[in-house]
Amino acid sequence: MIRVLVVDDSNSVRALLMHILGTAPGLAVVGCAADGEEALKLARELQPDVITMDLHMPRMDGFEAIRRIMRECPTRIVVVSGSDDRAEVDASFRAIEAGALVLVRRPLGIGNPAHADSARDLVRTVKAMAEVRVVRRWSDARRAARPLQGAPRRLVAVGASTGGPTVLRDILAELPADYPLPVVIVQHLAPGFMDGLATWLGEASGYPVEVLKDGAPLAGGRACLVPEGWQATLGPGLVGRLVLAPPEHGMCPSVSHLFRAIDPELRPATAAVLLTGMGKDGAAELKLLREHGALTIAQDRASAVVYGMPGEALRLDAAMLVLEPAEIGKVLARLPAEPFPSSVFPTLGDLP
């Protein structure tokens, strides 16, 4: 049984969340809190498996509560956001920075036609996050596999899921302002948060980030996020196309689709990166890119919140390098000057 603590300053929202979570098979609501101070107290006392967290509350807001909880009694935290306001969405990513795992939309009221679907989304997210390890450990440990042939790089493609936003921040922070390679990213995210992620990532990393537009030329000096509800293809002329295609691995956009849809002419000139996340999205396609001459990188186990996607890539021998986030950023930053393989990049023989 997954034990859940519900935190929200609204009586009606608390009641709604407690009803949805308390009646879902496999979940049990063990407590509720109306502000951050009470949430911290109950987190210590009850030691729940998952906390659903509101952000704007009296006495102690959600941001400070998350920081305190993650410092004093680390717990899996799901931020429940109830507003489409741009400032609210942007602010939600501060909660990820503070230690929350994921954002989810507040379920609609019981009388709303979309209530059942939105309630299922919340239940599914809480159950999934209960499987995530609680403490994030950053490490300088790294492992590298045998390098294949090198080629000048023209494109960076990145896939991430749970735990991805802060990892993307750390990678992009290593790129110089005049970085010449276009960066295209698939980040699994709840609907309605992609514009906010672009804004937060750009501000937090210092590297410009925008949402990919259909037909827009891909250029250096910025990173592009594939928008929700679309799959992306990357053509030989470095043009991004958005297509209406089915979800893959339950995701749209999908990392698998992005990696597979890189034009064959571009594959040898691509650096592909697979980051933290559940499941297998992108792993087989990372191997495909490696077989076509791409530089392939997976995040290391020690720094990943969830090691499903990069772990599957390692099982398939799809990754040439296995690194923590800042090291991934440093490798990408060096690519324009010293294409892989090079003496500046780690190889198996360099490691103890």
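This is a predicted model: local features need pLDDT of at least 70, side-chain atom pairs count only at pLDDT 80 or more; totals for chains, interfaces and linings use all residues.
Residues are numbered from 1 along each chain as its sequence is written, and side-chain values use heavy atoms, with hydrogens and water left out.

A pair of aromatic rings is described by the distance of the centres and the angle of the planes. Rings of Phe, Tyr and Trp (its six-membered ring) pair if their centres lie within 6.5 Å; planes under 30 degrees apart count as stacked, over 60 as edge-to-face and the rest as tilted. The search of the whole structure finds two aromatic pairs. Phe93 and Phe193 make an edge-to-face pair, with 6.3 Å from centre to centre and 85 degrees between the planes. This pair links distant parts of the chain, as Phe93 sits in helix α4 and Phe193 in the loop between β8 and α7 (194–205), 100 residues apart. Helices (H or I, at least four residues) and strands (E, at least two) are DSSP runs, numbered from the N terminus. The rings of Phe93 and Trp200 have centres 5.9 Å apart and planes at 25 degrees, so this pair is stacked. Here too distant parts of the chain are linked, with Phe93 in helix α4 and Trp200 in helix α7, 107 residues apart. Through these ring pairs, Phe93, Phe193 and Trp200 are joined into a cluster. Phe93 is buried, with a relative accessible area of 0%; Phe193 is buried, also at 0%; and Trp200 is buried at 5%. In these terms, buried means under 20% relative accessible area, exposed over 50%, and partly exposed in between (1.4 Å probe, protein chains only).

On a 1 Å grid over the protein atoms alone, a cavity is a set of points where a 1.4 Å probe fits but cannot get out, and a pocket is an open set with protein on both sides within 12 Å along at least five of seven lines; lining residues have an atom within 4 Å of a point. Grid points are joined across faces, edges and corners, and a volume is the space filled by probe spheres set on the points. The largest pocket holds about 990 Å³ of space. Its lining comprises 37 residues, of which Thr125, Leu189, Ala190, Pro191 and Met251 lie nearest the centre of the pocket. The elements that give two or more residues to this lining are α4 (86–98), β5 (102–105) and α5 (115–129), and α5 gives the most, with seven residues. By residue type, the pocket lining divides into 19 nonpolar, 10 polar and eight charged. For this division, Ala, Val, Leu, Ile, Met, Phe, Trp, Tyr, Cys and Pro count as nonpolar, Asp, Glu, Lys and Arg as charged, and the others, Gly among them, as polar.

The count of cavities of 30 Å³ or more comes to one, and the largest cavity has a volume of about 30 Å³. Residues lining the largest cavity include Val156, Leu168, Ile185 and Leu332. At least two lining residues come from each of β7 (155–160), α6 (164–172) and β8 (183–187), with α6 giving the largest share, three residues. The cavity lining divides into nine nonpolar, no polar and no charged residues.

Helix α3 (residues 62–72) has Gly62, Phe63, Ala65, Ile66 and Ile69 as its buried residues. These residues lie on the same side of α3 because they cover an arc of only 165 degrees around the axis, the arc being that of the directions from the helix axis to the C-beta atoms. At the start of α3, a side-chain oxygen of Asp61 comes to within 3.2 Å of the backbone nitrogen of Phe63.

Several loops deserve a look as well. A cis peptide bond, with omega about 15 degrees, joins Cys252 and Pro253, and Pro253 has its place in the loop between β12 (240–243) and α8 (255–260). Leu238, although not a glycine, has a positive phi of about 55 degrees; Leu238 lies in the loop between β11 (231–234) and β12 and counts as buried at 14% relative accessibility. Asp317, likewise not a glycine, has a positive phi of about 60 degrees. Asp317 is found in the loop between α10 (308–315) and β15 (321–323) and counts as partly exposed at 38% relative accessibility.

Notes: A polar contact is a pair of N or O atoms within 3.5 Å; within protein, one must be able to donate a hydrogen and the other to accept it, and residues adjacent in sequence count only if both atoms are side-chain atoms.
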